[in-house]
Amino acid sequence: MATRIRILPEQLANKIAAGEVVERPAAVVKELVENSLDAGAQEISVEIETGGKKSIRVSDDGCGLSREEALLALERHATSKLASDADLAAIATLGFRGEALPSIASVSRLTLASRERESVEGSEIYVEGGKIVSVKAHGMAAGTAIEVRNLFFNTPARLKFMRSAETEAGHVGELLTRLALSRPDVRMTYISDRRSQFRVLQGNLSDRVSSLLGSDVSQGLWPLETTEGSITVRGFISRPELSRSTTTYLYTYINGRFIRDRVVQHAILQAYRGVLERGRYPVVVLFMDIPPEEVDVNVHPTKHEVRFREQGRVHDVIQAAVENLLRTSPWTVRAAAASLTVASADRQLREARDTGVREALARYAALPVREQPSVFPVPPATSSRSFSSSVAQAAAPESMAGLPDNGGGYYSSLTVLGQFNAMYILCQDGTDLVLIDQHAAHERIAFQQLKAQFGQTGVEVQGLLFPETIELTFAESACVKEFADTLEKLGFELEAFGGTTSVIKGVPRMFAHLDYQRMLRDIVAELLQIGRSHAAVELADDLMACMACHSVVRGSRSLSVEEIRSLLRQMDQAEFAATCPHGRPVLCRFPLGDIERMFKRSKSGNP
Ligand code: ADP
Ligand code: MG
């Protein structure tokens with residue numbers, strides 16, 4: 001069949017582009033607000049009706065457009081933000097493709113009104129389904145106001161895909177939250193069906209976070225700022241006790257642009273792995289500043305994805321920045337912390353002990369690393385007397401004097417009151433009652449020690465008696481060659497066999513009895529995607545967490561004051577000391593006020 005090739009009419013091309021850029025009302029709002037920000041607006045207001053399906057109106061006090069510019073802006077590939085090829089390599093504005101306005105105009109009834117500061121009057125252009133219907137003079141304040149009515153009125157297929165007004169309004173709200181977090185210097189208002197959803201004033205990031213995400217969330221956040229070479233990471237990350245069940249609260253930005261990027265997300269979650277339970281996600285608002293030439297934002301029309309020139313390095317810098325803060329857990333020192341809950345502890349432990357890990361444990365237990373002295377040695381006979389008497393003698397004078405144990409760290413600074421049910425240590429911190437789960441604390445210490453040993457001895461390789469072949473895809477095989485060194489460090493000895501097949505000659509001893517082919521594939525998949533692989537480290541950590549759990553005393557156990565002190569001192573040495581290796585909290589805090597309320601006492605402490 002003979003086909004005739006022809007160039008698409010401009011209006012049809014715009015409609016096709018709209019398919020990518022404008023998928024729902026929130027996408028329209030995104031494009032319009034980004035244009036306002038690029039135009040240097042100080043104040044932006046967004047008003048929608050029926051979730052944006054009926055109308056979307058975005059107005060700003062930015063630089064405005066002349067009539068000629070406004071007409072041009074409605075044409076495809078018209079942009080004021082790029083002039084040359086070179087500009088594309090270092091984009092500093094949110095927009096640059098010159099596609100949004102013509103795309104939106106082609107699938108709606110759009111009114112663009114704009115006035116430059118220096119002109120006496122503005123212009124108003126009305127476009128219907130991409131056709132300019134009218135152009136006239138318009139009196140208005142300097143700036144731009146764009147109204148989009150009846151979105152998708154001429155694309156019935158898209159119209160059907162829109163959800164309820166509430167759902168669409170929710171998407172708009174989420175989108176505006178992302179944008180508003182990125183520019184605390186710009187005032188923003190969001191109105192839906194004539195009801196104000198939020199109004200944020202100029203301020204700093206911290207103000208903006210608390211007005212948009214709520215004061216509960218902002219109290220659980222901790223500031224972070226690190227520069228490593230050409231990369232700066234700054235913003236807020238949540239303490240482990242503030243977590244969510246989805247990744248919605250990962251607000252991540254590259255050079256001021258909100259992105260949802262695998263590399264960035266992976267780096268953050270990796271840093272939280274040891275302190276959050278599986279299936280829980282942190283809240284973060286993090287801005288990564290990277291030289292524009294090292295990141296490509298022109299990957300997708302919505303610009304939510306990016307490519308890094310050195311993704312592995314970006315990954316490491318972000319992970320290290322977050323992890324370093326979590327490691328020191330500065331918030332444990334602050335007495336203001338809220339009490340923690342231990343709700344999902346059981347589920348956690350069950351998860352951590354899945355069969356694979358248990359088998360691995362049995363095997364790994366035979367290795368010399370296990371022969372280290374127990375983290376918490378069985379106390380000599382003298383100290384095994386009942387706890388209450390020893391505490392009564394040792395702790396009473398100290399708590400009366402109000403002097404903390406001078407171990408230096410937070411845990412050592414607690415005043416020990418006693419032990420409850422031979423499972424929990426009772427302490428006082430100022431006017432807070434602090435309960436410490438001794439098993440969780442032991443686990444954390446044992447885990448850190450195992451990790452330190454693992455770090456010293458490195459990965460032991462076990463040669464395979466019968467080398468195995470593994471068939472890879474072209475991409476995987478290229479990756480195996482590129483990262484041969486990395487794989488070797490992880491304990492995998494591989495040799496090219498021909499084509500895309502490799503021979504496995506040696507595997508990490510720790511995983512020798514597990515499905516190491518799958519392990520290897522996981523590692524390669526990660527190397528392909530992220531440029532780094534943590535699969536091996538992750539499994540090793542799981543094994544060690546499990547070993548730690550089994551190596552320490554479980555259930556109840558009376559402790560002498562010396563033992564408690566020693567435990568607290570060791571906790572001060574441990575990293576990530578606020579949680580056990582499975583992510584359960586080590587301590588809970590009960591402020592005096594809460595206890596007084598429980599006893600229906602007034603604040604003044606009257607009986
Ligand atoms: P892009 O943002 O990729 O340049 P758009 O189609 O979104 O493409 O916008 C086209 C052009 O219209 C922009 O480059 C800008 O010059 C102009 N423009 C759009 N919105 C505004 C606004 N609110 N204020 C001033 N100029 C605007
Ligand atoms: Mg734009």
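Q: Which elements each supply at least two residues of the lining of the largest cavity?
A: These elements are α2 (25-38), α7 (165-182) and β13 (257-259). Helices (H or I, at least four residues) and strands (E, at least two) are DSSP runs, numbered from the N terminus. This is a predicted model, in which local features need pLDDT of at least 70 and side-chain atom pairs count only at pLDDT 80 or more, while totals for chains, interfaces and linings use all residues. Residues are numbered from 1 along each chain as its sequence is written, chains are lettered from A and ligands numbered from 1 in the order in which they are written, and side-chain values use heavy atoms, with hydrogens and water left out.

Q: Which element gives the most to the lining of the largest cavity?
A: That element is α7, with four residues.

Q: What makes a space a cavity, and how many of 30 Å³ or more does the structure hold?
A: On a 1 Å grid over the protein atoms alone, a cavity is a set of points where a 1.4 Å probe fits but cannot get out, and lining residues have an atom within 4 Å of a point. The structure holds one cavity of 30 Å³ or more. The volume of the largest cavity is about 100 Å³, a volume being the space filled by probe spheres set on the points, which are joined across faces, edges and corners.

Q: How do the residues of the lining of the largest cavity divide?
A: Five are nonpolar, three polar and four charged. Ala, Val, Leu, Ile, Met, Phe, Trp, Tyr, Cys and Pro count as nonpolar, Asp, Glu, Lys and Arg as charged, and the others, Gly among them, as polar. The lining includes Lys30, Glu34, Tyr253, Gly256 and His304.

Q: Why is Pro184 called buried?
A: Buried means under 20% relative accessible area (1.4 Å probe, protein chains only). Pro184 has a relative accessible area of 15%, so this residue is buried. Pro184 is placed in the loop between α7 and β7 (187-192), and touches residues including Leu201, Gly203 and Arg208, where contact means heavy atoms within 4.5 Å.

Q: Why does His315 count as buried?
A: The relative accessible area of His315 is 0%, and therefore His315 is buried. This residue belongs to helix α11 (residues 311-328), and its contacts beyond four places in sequence include Val263, His266 and Arg532.

Q: How many disulfides does a search of the whole structure find?
A: The search finds zero disulfides, a disulfide being a pair of cysteine sulfur atoms within 2.5 Å.

Notes: On a 1 Å grid over the protein atoms alone, a cavity is a set of points where a 1.4 Å probe fits but cannot get out, and a pocket is an open set with protein on both sides within 12 Å along at least five of seven lines; lining residues have an atom within 4 Å of a point. Buried means under 20% relative accessible area, exposed over 50%, partly exposed in between (1.4 Å probe, protein chains only).
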